[in-house]
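Dear colleague,

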Amino acid sequence: MNEARILIEVKDLCKYFDVKGGRKLHAVDRVNLTIPAGKTLGVVGESGCGKSTLGRTMLRLLEPTSGQILFEGKDITKARKSEMRQLRSKMQIIFQDPYSSINPHMTVSDIIMQPMIVNRLFHSREEMVARVKKLMDTVGLADRLYNAYPHELDGGRRQRIGVARALALNPEFIVCDEPVSALDVSIQAQILNLLMDLQDQMGLAYMFITHDLSVVKHISDEIAVLYLGQCIERCGATELFRNPLHPYTKMLLAAIPVPNLSARTRELQVIHGEVTNPIDPPPGCRFAARCPYCRPECKEKDLPLREVNPGHFAACTLL
Amino acid sequence: MDEILLKIEDLFIEYQTELETVRAVNGVSLEVKSGRTLGIVGETGAGKTTTCLSILRLLPDRTGRVTGGNICFRDKNIYSLSEEEMRTQICGEKISMIFQDPMTSLNPVMTVGSQIYEALKYHNHENKTREELERRVDEVLELVGIPAERKTEYPHQFSGGMKQRVVIAIALACEPELLIADEPTTALDVTVQAQVLAMMRDLQKKVGSAILLITHDLGVVAQMCDDALVMYAGEIVESGSIEDIFTPGSHHPYTMGLFGAIPDLDSAVDRLTPIEGLMPDPTKLPDGCYFADRCPYAEELCKQIHPTRTSLSGTHTILCHRFSEGLKEVSHE
């Protein structure tokens, strides 16, 4: 994986939200990651761990509090508005909910065309129409839906519109923010296959945000596990499932109900204790309050990710 | 122990709008035995929730109606009871329900304690005093793992998992004989889901209620249920004990499709095998098998004639022509 060109690199990225009383909610806290061109980084974590905030901050849909985002080596956190608009054509996003992320008043073709109009990609309408038809074909939307409205379509097809819109500007990097969570399993498999095919054909890099661990294993090359805004473990997808290092990752994996009877006798892993408050959290490991292996030094200072095995990073005092 | 608690026979439900009739449930039969857990699996629109709502007569008044079949709870036909009997004796007392979304099933302006108290007071046939009922509120809260002193708090002060526990506490307050859980963990994270499922399992051991668990997650079924049904377009396409459904062997093509569509954690697969196409429009269901359009094994016969239920073993039944034919051949020999 080292030979691949690094497309996007995030250094010490923080996003804090202001809350009442001058306090700060640490949504994303000193996250470091890299995504090579044409690869997929899976980001997993429970609701409220900052996955979506991370995804949006990387595209500067939210302004980062501090840290750097390097896209092809260029720090985009300092880019001006006009530069940013140009850059955005290379970085797109697919949202979670195909029901609320597309405008119900617009037809399928208008929705897909919108980014091209905004970015003045084509001079003539004919070129644009041809491009829309090609995109619809790429994502598997039938020609006859060209003038259809979103409400006429089911969730899977709507999500295909979202994919086509993200592809409209020939991006190199797409943030997929839970693109299949709102879909049924049979439809979910269709969209996952589509995303993987597109990656093969166009060499796209994905940041795939999800809470579904079996999906993330299937689609990712590398996985980052987030807990309360911090990346606590990062390694190759198969390695994570074979050899999880951080106690939280271990518990997270053990909590998945497996569709298999042999796992039936196994006691479901239950994590006890309350989640640490993300508003001005105390120093130390964020998981310390729920960790069965917690030692005094866990609560002393924040832990950086450390390379425990080659290519396998984790943040824990035990390792 | 294995007494039949709930028996649904040949249930048909339609939703009637001004323009069209949606045939949501088409001939569902099932039995729930006391102390056991029955899982219903299926995708959106398969009729899972409609079936459950009909058990408590909660179908929307003006549009939804049962057009055929019986629902019997302990040999009493639910639809022959009066509204009054239904409210005071069945709902919340003998049968209670946990709804999918804990965020919307609690009243935001009532403390959680008073919401549990409300259920108890309504079904207070033994004329217990307020103190006794309050003590029971504390008891149920502790049962679901919430400290009793939090009963004066409002729903917004609880996290999603805690709210779902409150919902479960309300459902369990009167120690129902049957608990209907409609996707109780779908809105929750995996770790919280594990907590809630473990808790439901413990409670079943303690209280001995039967559970009807609706889910789209095959993993949850494998962990929780004794028996399972697979629903598609308002029909039960396959039913059996948990072993019947989860051991490789004869299965309905739709069941196989469901298993093929989920990524497997234990083995690396390059591509998933999605079920192509969509569920048929419930306003215009085809004459033949409802799954024929998406089925890789479909033949001419499947498109014309609706299959009949075939019993493969004592507990395992399948609604598919492939198996009924197979059996016919065997019996001819």
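How many salt bridges are there between chain B and chain A? The count is one, a salt bridge being a side-chain nitrogen of Lys or Arg within 4 Å of a carboxyl oxygen of Asp or Glu, and it joins the side chains of Arg271(B) and Asp197(A) at 2.6 Å, N to O.

Residues are numbered from 1 along each chain as its sequence is written, chains are lettered from A and ligands numbered from 1 in the order in which they are written, and side-chain values use heavy atoms, with hydrogens and water left out.

In the contact (heavy atoms within 4.5 Å), chain B contributes 44 residues and chain A 38 residues. The buried area (accessible area, 1.4 Å probe, that two parts lose on being put together, summed over both) is about 3,500 Å², with 58% of it from carbon and sulfur atoms. Of the area that chain B buries against chain A, Thr191(B), Gln223(B) and Leu265(B) supply 20%, more than any other three residues.

As for confidence, chain B has a mean pLDDT of 87, with 97% of its residues at 70 or more, although residues 327-333 of chain B fall below 50. Where pLDDT is low, the predicted coordinates should not be read in detail. For the complex, the predictor gives an ipTM of 0.77 and a pTM of 0.84.

Best wishes

Technical notes
This is a predicted model: local features need pLDDT of at least 70, side-chain atom pairs count only at pLDDT 80 or more; totals for chains, interfaces and linings use all residues. pLDDT is the predictor's confidence in each residue, from 0 to 100.
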